[in-house]
Number of protein chains: 2
Amino acid sequence: MRLVIARCSVDYIGRLRAHLPLAVRLLMVKADGSVLIHSDGGSYKPLNWMSPPATLRVAEPGEDDAEAGIIETWTVQSAKTDDKLVISIHERFSETSHDLGVDPGLIKDGVEADLQRLLAEQITKLGEGYTLIRREYMTAIGPVDILARDAAGATVAVELKRRGDIDGVEQLTRYLELLNRDPLLAPVKGVFAAQQIKPQARVLAHDRGIECLTLDYDAMRGVDDSASRLF
Amino acid sequence: MRLVIARCSVDYIGRLRAHLPLAVRLLMVKADGSVLIHSDGGSYKPLNWMSPPATLRVAEPGEDDAEAGIIETWTVQSAKTDDKLVISIHERFSETSHDLGVDPGLIKDGVEADLQRLLAEQITKLGEGYTLIRREYMTAIGPVDILARDAAGATVAVELKRRGDIDGVEQLTRYLELLNRDPLLAPVKGVFAAQQIKPQARVLAHDRGIECLTLDYDAMRGVDDSASRLF
DNA sequence: CACTATATTTCGTGC
DNA sequence: GCACGAAGTATAGTG
């Protein structure tokens, strides 16, 4: 990994066009040829970048460029698309290089899969007397997150999201339409369960007779004793 | 901005839990207290991070930690949420610090907003005699990108995308359903306009009586004389 | 290899 | 400030 602190301007031409005026920034060149341009603010997203695989070509400035104060021009070309990043360096303040090796990668816990496991284990969160039929119930158009049976014996399809918005309601609607064609299952009720449900999604769900359920992950996690196994 | 190359392990506890095993990485500490942890690969997204505003607290290791080889512990605490990042440093290879100042920021051209402006200006791309009613026509379920009137005086709702896929057709369908309930507007025709329209989206649109229109951004940009002002 | 669904999404914009 | 939609979305899982 190569780290350069430099006063530079940047132009990107590819899926769109973008320009960064002259300023001091960090240029990070990774081993796979990708380049990240970071300022001293914002979030984790760089101001501009080139995704790997890419190749970096360094050129001396032409006469006009030198006149404009450019001491070096970097051209970062994507290997797969015709996206291009042109970095015009006006002043270099620092340059370091380090061998980091391959990273072992991130271990996560608490994503949708964990929510699904917890709700399957605590299926009565849906209501008194509910029983689990199965998780990831396969249909022709994809898997239904959870299929259950209510106290009266009716089938219930659950769509699970960390954040519930309209797309999730549309998805559940498609499943319900399909499941209700199966005489062995019909009539199938729908439940839209998420940690947070957006107002518009709630309105749409209600309009389609779908029940909304807000889940408290921490509370459900507290009930589950396997939470401490990971670390 | 502070740049540290170190052998470290990282634990994140917040909206989810995540763990990074011991390895050599770049730690980037920004002026707003945010921290980014980068490996020498992947894309522009860091392995782990803390969003601003945040505060970094550095602590000497306790007896057990020192025994485990830790020379320093960083605790990055989010100021707004209770997200926390704990970085255990085992070996430091490099440390530099630079004053970058405030960045002037990125100038973009070619995103959906530009397409929308161009199509509104060149509304007859939709057809002979079309007139613009307004852009971003607000409804209860969100804004319709462009509302126009055709030569016969009928209302036309346009959904605009850079890349047209099924989601966009679903979105337009919802708008049309709503708009057609309004007797002042009904009947409302739908037009799905994008730089590229996927075959599946085209089929779905046709099935619902929605017209598809492929836009040539460069050509539309060429007509507009304000395109040259940006750079 | 293509499609699909998720994301500690982040980022801008309108209300 | 909140909610919603776009992103050069990126990324991981599955058929």
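**Salt bridges in a predicted model**

Glu91(A) counts as partly exposed, at 34% relative accessibility (partly exposed lies between buried, under 20% relative accessible area, and exposed, over 50%, with a 1.4 Å probe and protein chains only). The side chain of Glu91(A) meets that of Arg7(A) in a salt bridge of 3.3 Å, N to O; a salt bridge is a side-chain nitrogen of Lys or Arg within 4 Å of a carboxyl oxygen of Asp or Glu. This is a predicted model, in which local features need pLDDT of at least 70, side-chain atom pairs count only at pLDDT 80 or more, and totals for chains, interfaces and linings use all residues. Side-chain values use heavy atoms, with hydrogens and water left out.

**Overall count and network**
- Over all chains, the whole structure holds 25 salt bridges.
- A network of salt bridges links Arg2(A), Glu72(A), Arg92(A) and Glu95(A).

**A pair in chain A**
- Arg208(A) and Glu170(A) form a salt bridge through their side chains, at 3.2 Å from N to O.
- The pair ties together parts 38 residues apart in sequence, because Arg208(A) lies in the loop between helix H4 (199–207) and strand E13 (211–214), and Glu170(A) in helix H3 (residues 166–179) of chain A (helices, H or I of at least four residues, and strands, E of at least two, are DSSP runs numbered from the N terminus).
- Arg208(A) is partly exposed at 33% relative accessibility, whereas Glu170(A) is buried at 9%.

**A pair within one helix of chain B**
- Asp114(B) and Arg117(B) form a salt bridge, their closest N and O atoms being 3.8 Å apart.
- About one helical turn separates Asp114(B) and Arg117(B), because they are three residues apart in helix H2 (residues 112–121) of chain B.
- Asp114(B) is buried, with a relative accessible area of 13%, and Arg117(B) is partly exposed, with 23%.

Key: Residues numbered from 1 in each chain as written. Chains lettered and ligands numbered in written order.
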